Number of protein chains: 2
Amino acid sequence: MPQKPASFAVGFDIGGTNMRAGLVDESGRIVTSLSAPSPHTTHALEQGICDLVEQLKTDYPIDSVGLAVAGFLDPECEVVRFAPHLPWRDEPVREKLEKLLGLPVRLEHDANSAAWGEHRFGAAQGADNWVLLALGTGIGAALIEKGEIYRGAYGTAPEFGHLRVVRGGRACACGKDGCLERYCSGTALVYTARELASHGAFLNSGLVEQITLDPNALTGKMITTAARQKDPLGIAVLEDFSEWLGETLSIIADVLDPGLIIIGGGLSSDADLYLDQAVNHYSTRIVGSGYRPLARVGTGQLGGDAGMIGVADLARQSVLESI
Amino acid sequence: MPQKPASFAVGFDIGGTNMRAGLVDESGRIVTSLSAPSPHTTHALEQGICDLVEQLKTDYPIDSVGLAVAGFLDPECEVVRFAPHLPWRDEPVREKLEKLLGLPVRLEHDANSAAWGEHRFGAAQGADNWVLLALGTGIGAALIEKGEIYRGAYGTAPEFGHLRVVRGGRACACGKDGCLERYCSGTALVYTARELASHGAFLNSGLVEQITLDPNALTGKMITTAARQKDPLGIAVLEDFSEWLGETLSIIADVLDPGLIIIGGGLSSDADLYLDQAVNHYSTRIVGSGYRPLARVGTGQLGGDAGMIGVADLARQSVLESI
């Protein structure tokens, strides 16, 4: 009996610095992947995407292409309205790329893509109503309800990163101040570390020495590494972060009341440093605490590949639905 | 040709002080209504509900009974888990009342009931994805998506009233501080008026005189009435309220991204005093302002009857679905 030929979809994760393309099979496995710097003009970016697909096409049969985009799309996922780190502005990206590539193309928001990956092949398989909270440079979020991505009326839901949680708080790149992602993200770790270091305590901290040497070189990774090595400033920063994450989980539980919250994004690999504390805090912060079940909280299984895997699967499904 | 006999459902709005029962026809019209004080024990409350239904039954054929409850229900709407102003605690109210009444009974959260009323017969007819924001003593909210009530996994979504918006802010009855409903509700008007009056300004304000005379007698209604009469403190309180309502609308838009937000509850009848200002503020506060459509914002059409009308319709539908 002849074997059914393998079907591959390419999933793109397009960041402000680099873009990655994963060749994904039907079971959500990344067979191979490529990456390249993200060009900064519309034309070069679209050409760059085509080049990576061409490279993958030489060795594999490709049915469809998916793009996980960090930005606002329209609810039909045809147009990239605005993506802060990408050149597209109100651009009908899906149609343009479909013509350029000669293949079916599917666009999706990056957090929705990652959530779809975990829903189909990762930590959220079988969950009926759940939220992905992606913690990286900022905060991304997605709600999967009854097996579908919740988009709201205009395709931008759910956004938690720019809720004001501190009046007159830390200035945000969005133009407001006190936004949640200034307190609960990888960037927030750096802010908190600098603030705490400036108070003059933590004298026996190697992290303080690093900050004094070059405050701009500080990264979230340095802080989590320091916390692992019991650096007192590192520990204090993670404690602050845990409390803010607890607050964030309680906001999600009050507003969306999901059965499960999955932590994804770059910070999820350090969840052992903060998640138990955050969940404890969360359980005391929700309204009606004690009279309602708590959402389970866990971490993603697909790590940084969740977006590529998810959007490749969505691309494949779009093709099947259109047949 | 014989006329189709009229079908009536009774919709209850059960508050901490009084309960009202409306006899509602198929078109959402309240034909007649009764009210009585809300008893404070489980047994007396259930008996009181039966008494009102008995009175209505003497004159009208009744098919079903709906109860709009201000509290947490389970997602199947069988059990009242906790209602701060009612005696039920983890009580299987639906089944109990069905046995007592000998009629099909439907429970629903009060904000969901009011939203259903506006969805079927009021300001939200034809809207696909929209939020009811009920402003009264506290904040109630409901999300209707694709013609269905969004409940979350455990039946408590969406709750906005106890999100912390001011760290170390006004103490809340829930045990936390800085909760949104301490800044954006009828109760909030009273808090803000007392705070502003205590600053010693507004010397030519009749409202300040009233507060000095008896601060505990102050009500939200007195404040909106004073604002209408151009009392300077009344105006200042409404300005503060408008800003907080703008903030609240922006939270709803960021998290749920609805196409329409309907203001309901007791304060909605004074919307001309604050809504335009609130919408202006809201439009500047959402993330990605300028790159996404704004939700329309309006007021409900059914006023304080929305809950009774909505839950009566839900009760009628439950009967039809079970046939």
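**Figure 1. The salt bridge between R151(A) and E108(A) in the predicted model.** This is a predicted model. The closest N and O atoms of R151(A) and E108(A) are 2.7 Å apart. Across the interface of domain 1 of chain A and domain 2 of chain A, one salt bridge is found. Two residue pairs are in polar contact across this interface, both residues of each pair being at pLDDT 80 or more. On the side of domain 1 of chain A that touches domain 2 of chain A, two or more residues each come from β5 (72-73), β8 (105-109) and α3 (110-121) of chain A. The largest share of that side is supplied by α3(A), with five residues. By residue type, the side of domain 1 of chain A that touches domain 2 of chain A divides into nine nonpolar, two polar and four charged residues.

**Figure 2. The two domains of chain A.** Domain 1 of chain A is assigned residues 8-117 + 304-322, and domain 2 of chain A is assigned residues 126-300. Their C-alpha centres lie 27 Å apart. The contact between them takes 15 residues from domain 1 of chain A and 14 residues from domain 2 of chain A.

**Figure 3. Buried area between the domains of chain A.** The size of an interface is often given as the accessible area lost when the parts come together. For domain 1 of chain A and domain 2 of chain A this area is about 1100 Å², with 61% of it on carbon and sulfur atoms. Within domain 1 of chain A, the residues that lose the most area to domain 2 of chain A are P75(A), N112(A) and A115(A). Together these residues account for 42% of what that side buries.

**Figure 4. The contact between chain B and chain A.** In this contact, 44 residues of chain B meet 44 residues of chain A. The two chains bury about 4100 Å² between them, of which 57% is on carbon and sulfur atoms. Y154(B), R164(B) and Y291(B) supply 16% of the area that chain B buries against chain A, more than any other three residues.

**Figure 5. Salt bridges and polar contacts between the chains.** Four salt bridges are found across the interface of chain B and chain A. One salt bridge joins the side chains of R164(A) and E247(B), at 3.7 Å from N to O. Across the interface of chain B and chain A there are also 18 residue pairs in polar contact, with both residues at pLDDT 80 or more. Each of β6 (80-82), β10 (139-145) and α7 (232-256) of chain B supplies at least two residues of the side that touches chain A. The largest share of this side, six residues, comes from α7(B). The side of chain B that touches chain A is made up of 22 nonpolar, seven polar and 15 charged residues.

**Figure 6. The rotation axis that relates chain B and chain A.** Chain B is superposed on chain A by a rotation of 180° with 0.0 Å of shift along its axis, at an RMSD of 0.1 Å. The two copies are therefore related as by a two-fold rotation axis. Both copies use the same surface, and 100% of the contact residues of chain B recur in chain A. Among the residues of chain B, V165(B) comes closest to the rotation axis, with its C-alpha at 2.8 Å.

How values were computed. Residues are numbered from 1 along each chain as its sequence is written. Chains are lettered from A and ligands numbered from 1 in the order in which they are written. This is a predicted model: local features need pLDDT of at least 70, side-chain atom pairs count only at pLDDT 80 or more; totals for chains, interfaces and linings use all residues. Side-chain values use heavy atoms; hydrogens and water are left out. Contact means heavy atoms within 4.5 Å. Buried area is the accessible area (1.4 Å probe) that two parts lose on being put together, summed over both. A polar contact is a pair of N or O atoms within 3.5 Å; within protein, one must be able to donate a hydrogen and the other to accept it, and residues adjacent in sequence count only if both atoms are side-chain atoms. Helices (H or I, at least four residues) and strands (E, at least two) are DSSP runs, numbered from the N terminus. Ala, Val, Leu, Ile, Met, Phe, Trp, Tyr, Cys and Pro count as nonpolar, Asp, Glu, Lys and Arg as charged, and the others, Gly among them, as polar. Copies are superposed by least squares on the C-alpha atoms of residues with pLDDT of at least 70 in both. Domain bounds come from an automatic or database domain assignment.
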